[in-house]
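Hi everyone, thanks for making time this morning.

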Amino acid sequence: MYLKHLLSRQTINGLSRFNGRILSPYSYVYKISSAFTTTPISRSIYSSGGYGPTFHNLTYSKLDPSFNRYIHSIPETKLNGSSMDPELESDDSEDATMNEFLSRFVWIMRRKLMEVYPECNKQTMDGMLLILVQKVVSETEKGGLEQMLDAVVATPSQDFSEDLWKTVWEVSNLVLNDMKKARNKEKMKTFLQSEEVKEMSRFAGEIGIRGDMLRELRFKWAREKMEESEFYENLERLREEAQAEEGEEAQAKGVEAVGNEEVVVDDSVGDGKKEMVVSLPKRHGKIRYKIYGLDLSNPKWTEVADKVHEREEIVWPQEPKPISGKCKIVTENILTMKEEDDPSPLLDEWAELLQPRRIDWISLLDRLKENNAHLYLKVAELVLSKESFQTNTLDYTKLIDMHAKENRLEDVERILKKMNENGISPDILTSMVLVHMYCKAGNLESANVALEGLRSQGVKPDMKIYSSMIMAYVNAGKPEKAKSLVEEMGMRDIKPTKEIYMALLQAYAECGHIDEAIFISRTMVFAGFPPSLESSTLLVKACEQGGDANQARKIFDDMIIEAGYKPDDRCTSSLIAAYEKKNMLDKALDLLLQLEKDGFEPGVATYNVLVVWLANLQLVDEAEQLLGKIAELGEAPSLGVHISLCDMYARTRAEKKALQALGVVEANKEQLKREDFERIIKGLIDGGFSQDAQRIQDLMASRGFSASYDLEITLASKLAGRQKPTSGRRSLR
């Protein structure tokens, strides 16, 4: 009997037919899966039929210690002088299967009994398990393990209550299913590594099949090989069974031919021996299950099994549910929906029909993204609130990133608000996206908040974060804060790029900070970026804005001419603008004559500076001549030129031309600065156009600029005296 093979090693050694067999019982190896959903046993299942007292009053004899060694032995042991017998090998295979089955069965049933009877001691619990094992083994011997899979609830037992017997059979079927899955998985691994499957996979890779498709094909080929092998194994088994039946029929005919002699085969072993009553031994401490030196009794292996199960779901991802019928119609309506429509009713109906999982939502969103990206953003935001979608922080981050790339700050703020309402804090990726978005939009306050959020999470800014923040400060006209970030990068051994240095240099040039601009230029040299025409031009620009014409000329000669660079129109215009602020007309003319000898031809930028200069000197004919050259180049004068022309024509009382220039200036009022308004008003007042000056002052106030006190007094006195222009008109209008 199997129970004898399992429970008594001494009995096994006493049986003559087991001499020389290999003992290879398996140690416990369990797969504790989260899919285990067997209903816990209630206390009532043992009370029915008076079975409860049987467990509590159980007495049983003590087993020999060799029983423990037999159940939990790890290595395979071969007796001296043993020889391999096919019949014994078959018995070994059956014993190994039974050992594995009972090991798994006892492990699960022990947990269930401990949940129902937590007050029972170890001895009573072992007695309960012994009775259950004896009953299961006796039922198994009637037809084998495989018949357990065919019945969910077997015929009620006379010894156990109905609930207990049902639980025993459920656990038995669960164990057999796990064993079958484990065997199939091991067989699948073998066929995955077979030479035929490898050869087909290599060929598929050579013709360009990669990734998930190659993996699916490899599993398909291995599965086909396994099914083919199982088919031939079944045929071989059927052939052996047929041969066995033919042998029995031939033997029966042989017996009849001998003379109808009766042959009685007595398989009894050890007649007269008293059958031993065996029971589980009394043990102290926790049972330790070891395999290949690993202690599997540690609870951490339960967590390991759960993690392995989770990783298997990632390696073999779930497939979306097939969509058909009414659900397919609703899906098409969602995909063809217009952007202004409300998708909530259709999404609710789709979810009610399909009962989707996360993979189904993702499949729908992917199809929607291919058809209509704007509608995808709208639907994706609604899907985030669906419980079946199992929303995580990364889902919010992806949606925020898509809105940020389109500069949709209001949508991003709305999604962030939903994150906070749902108790989800922005992670590192979300904070980085917010920093880039706010820097791009010029919202420095929010960008600093997002940056501090990154630092509070222990994340140090990288090159991209620094670049975004520096560019934001440069665009906002705050080069000092940008410079502090550059110094912070140097302390962290992060080398700023040339683009960062050039942006910082340009910011100082526009502000007219000559010393800081020169310092940045020298820092670039130490960082490995030699001076270029662009950096030298920015230094000349800084000197021009700072009002140092001599320093500008020195940089022009030393860093441009002597360095071998050919001055361009932008560089020349900056130097001439520096001369214009100091009214050094002779030096400007000498520079132009010298450059023309070297083949330089003034461009639009140089002509614009010269027109402004001549307009300030009220040289109308010379200024108009240069305007003609700008027109010949196919370019339009800059706004600064029109401001100077308006001032010049107003002061010279050229009413028609002043009106034309003033119209251009008013059309670009959003670009005017405070000093531009005051210059226009002063020119109109000096030309006698007081009413037009008052109108421009009102326009200046609407832009949020206030005129100086002296200008207001001058305009008020002109309006009070009502002085008329020499042309006899009070206004250009």
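Let's begin at Phe-231, which counts as partly exposed because its relative accessibility is 47%. Keep in mind as we go that this is a predicted model.

Phe-231 has a partner, Tyr-232: the ring centres are 5.4 Å apart and the planes meet at 75°, so this pair is edge-to-face. In general, two numbers describe such a pair, the distance between the centres and the angle between the planes. How many aromatic pairs does the structure hold? There are 5 of them.

Another one is Phe-677 with Phe-705, and this pair is tilted, with 6.0 Å from centre to centre and 45° between the planes. Where do the two rings come from? Phe-677 lies in helix 32, residues 674–687, while Phe-705 is in the loop between helix 33 (690–702) and helix 34 (709–721), so the pair ties together parts 28 residues apart in sequence. Phe-677 counts as buried, at 0% relative accessibility, whereas Phe-705, at 24%, counts as partly exposed.

Staying with rings for a moment, have a look at Phe-389. The charged end of Arg-358 sits over the ring of Phe-389, 4.7 Å from the ring centre.

Now to the backbone. Most residues other than glycine have a negative phi. Gln-390 is not a glycine, yet has a positive phi of about 55°. You'll find Gln-390 in the loop between helix 15 (373–383) and helix 16 (393–405), and with a relative accessible area of 55% this residue is exposed. Arg-653 also has a positive phi, near 60°. Arg-653 belongs to the loop between helix 30 (639–651) and helix 31 (655–667), and is partly exposed, at 35% relative accessible area.

Next, a lysine. Is Lys-483 buried or exposed? Lys-483 counts as buried, because its relative accessibility is 17% and the cut-off for buried is under 20%. This lysine lies in helix 21, which covers residues 479–491. Leaving aside residues up to four places away in sequence, Lys-483 touches Leu-504, Tyr-508 and Phe-519. Ile-520 is 37 residues away from Lys-483 in sequence, and their C-alpha atoms are 9.0 Å apart in space.

Last stop, the cysteines. A search of the whole structure turns up 0 disulfides. Cys-327 counts as buried, at 7% relative accessibility, while Cys-511 counts as partly exposed, at 37%.

That's my tour, and I'm happy to go back to any of these spots.

Terms used: Residues numbered from 1 in each chain as written. Predicted model: local features only at pLDDT ≥ 70, side-chain atom pairs only at ≥ 80, totals over all residues. Heavy atoms only, no water. Helix = DSSP H or I, 4+ residues; strand = E, 2+ residues; numbered from the N terminus. Buried < 20%, exposed > 50% of the residue type's maximum accessible area, 1.4 Å probe, protein only. Contact = heavy atoms within 4.5 Å. Disulfide = S-S within 2.5 Å. Phe/Tyr/Trp six-rings, centres within 6.5 Å; stacked < 30°, edge-to-face > 60°. Lys NZ or Arg CZ within 6 Å of the ring centre and 35° of its normal.
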